[in-house]
Amino acid sequence: MLKKIVFIFHTNMFKIVAAILLFSASTLIIVAMLLGHEAGSFVVRVQNTDSSRSIALTESINPEKIEYLPRLTAKGKDQMTDTSPRYFLDKDYQTIRQTFYSGEGEMSKDIETYEVYAYRFYLVNNGDSSVGVDTTMKYSNVTKNVDNILRVMTYYEYNGNQVAHIYQKVDKELVDYKWYTVGNVELFSGDGEIFSHTGDDKIILDFAEDRNYLKYLVLIWLEGDDPDSSNEMLGGSLSFNLEFKVSM
């Protein structure tokens, strides 16, 4: 396993900027390993293309806390180490540990871990009809080939269904990861693109009271069991862009 890998997630991580047809959240992520300090970023963005069908992001749907702000800010995070999914999956490796999914926004102080970055937010249909949502996640500004051991997991529960995906770059040798039974392991969908869910794979958001949103969880970690792990990756960095867009 690759040791002493450190992620530093700077403050002002997730920023959601709302305009007439555009909501955006900006995040600054720096991956620092040993003495390496390379800048990166993680942007979560909602783009609306139809005034009658609108979507937004929020950290909480609690009636006393819910607020569609033009900007959300998450605290910084550092000293992130390599790990494997067995740390944040239940003992059967088929479900997310509720400690990682039940909260909102950042991980709470009592369960915060350096082994995985977890962020929970809500995608909300705030229009006047059901809406389809295309989702794309990309990465860029890669240094020291750290993307070779990157893992991204997305998870949400909606209308009684559980949807989980784990994404990775193709390994230099075929490996069967026994801890990945929570969902299908999928290869990155393109050069610099982690996934793109459109068409039949798009998210459908209903328009009904208490059913017009879904809670979205993003987990990011470095896979310690990846055969591509190497000390040469120490000090590497990369950037992410996650976009939700009204499907046309």
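**Entry 1: strand S6 and its neighbours**

I started with the pairing of strand S5 (residues 55-58) and S6, which run antiparallel and share four bridges. For the terms, strands (E, at least two residues) and helices (H or I, at least four) are DSSP runs numbered from the N terminus, and two strands pair if DSSP finds at least two bridges between them. Before going on, I noted that this is a predicted model, where local features need pLDDT of at least 70 and side-chain atom pairs count only at pLDDT 80 or more, while totals for chains, interfaces and linings use all residues. Residues are numbered from 1 along each chain as its sequence is written, and side-chain values use heavy atoms, with hydrogens and water left out.

Which residue of S6 is the bridge partner of threonine 58? I found tyrosine 122 there. On to strand S13 (residues 213-222): eight bridges join S13 to S6, and the two run antiparallel. Arginine 120 has leucine 217 as its bridge partner in S13.

I then looked up the whole sheet. It is an open one of six strands in the order S5-S6-S13-S8-S9-S10, and its pairing is mixed. S5 and strand S10 (185-187) are the edge strands, each pairing on one side only. From one strand to the next the twist averages 25°; axes here are lines fitted to C-alpha atoms, for helices over the stretch in contact, with angles from 0 to 180 degrees between N-to-C directions.

**Entry 2: is S6 buried or exposed?**

S6 (residues 117-125) is mostly covered, with nine of its nine residues buried. Buried means under 20% relative accessible area, exposed over 50%, and partly exposed in between (1.4 Å probe, protein chains only). I checked both faces: Tyr117, Tyr119, Phe121, Leu123 and Asn125 are buried on one side, and Ala118, Arg120, Tyr122 and Val124 are buried on the other.

**Entry 3: nonpolar cores**

I counted a core as a set of buried Ala, Val, Leu, Ile, Met, Phe, Trp, Tyr and Cys residues joined through side-chain atoms within 4.5 Å. The largest one has 35 residues, and Leu123, Tyr216 and Phe244 have the most contacts inside it. Another core lies apart from it, with 19 residues, including Phe88, Tyr101, Ala118 and Tyr155.

What does leucine 123 touch, leaving out residues up to four places away in sequence? Its contacts (heavy atoms within 4.5 Å) include Val46, Ile55, Val133, Ile203, Leu205, Tyr213 and Phe244.

**Entry 4: aromatic rings**

I searched the whole structure and got 12 aromatic pairs. Rings of Phe, Tyr and Trp (its six-membered ring) pair if their centres lie within 6.5 Å; planes under 30 degrees apart count as stacked, over 60 as edge-to-face and the rest as tilted.

Tyrosine 122 and tyrosine 213 are edge-to-face, because their ring centres are 5.6 Å apart and their planes at 80°. Tyrosine 122 is in strand S6 and tyrosine 213 in strand S13, so this pair ties together parts 91 residues apart in sequence. I compared their accessibility: tyrosine 122 is buried at 7% relative accessible area, whereas tyrosine 213 is partly exposed at 25%.

Next I took the tilted pair of tyrosine 139 and phenylalanine 188, with 5.4 Å centre to centre and 55° between the planes. Tyrosine 139 is in strand S7 (residues 131-143) and phenylalanine 188 in the loop between S10 and strand S11 (193-197), so parts 49 residues apart in sequence are tied together. Both tyrosine 139 and phenylalanine 188 are buried.

I also noted a cluster in which ring pairs link Tyr119, Phe121, Tyr156, Tyr216 and Phe244.

One charge came up too: the charged end of lysine 215 sits over the ring of tyrosine 101, 4.7 Å from its centre. The cut-off there is NZ of Lys or CZ of Arg within 6 Å of the ring centre and within 35 degrees of the ring normal.

**Entry 5: two asparagines**

Most residues other than glycine have a negative phi. Asparagine 141, in strand S7, has a positive phi of about 55° and is exposed at 51% relative accessible area. Asparagine 145 also has a positive phi, near 55°. I placed asparagine 145 in the loop between S7 and strand S8 (150-158), partly exposed at 49% relative accessibility.

**Entry 6: whole chain**

The protein chain has one helix and 14 strands. Buried residues make up 51% of its 248 residues. Among contacts between residues at least 6 apart in sequence, 74% join residues at least 24 apart.
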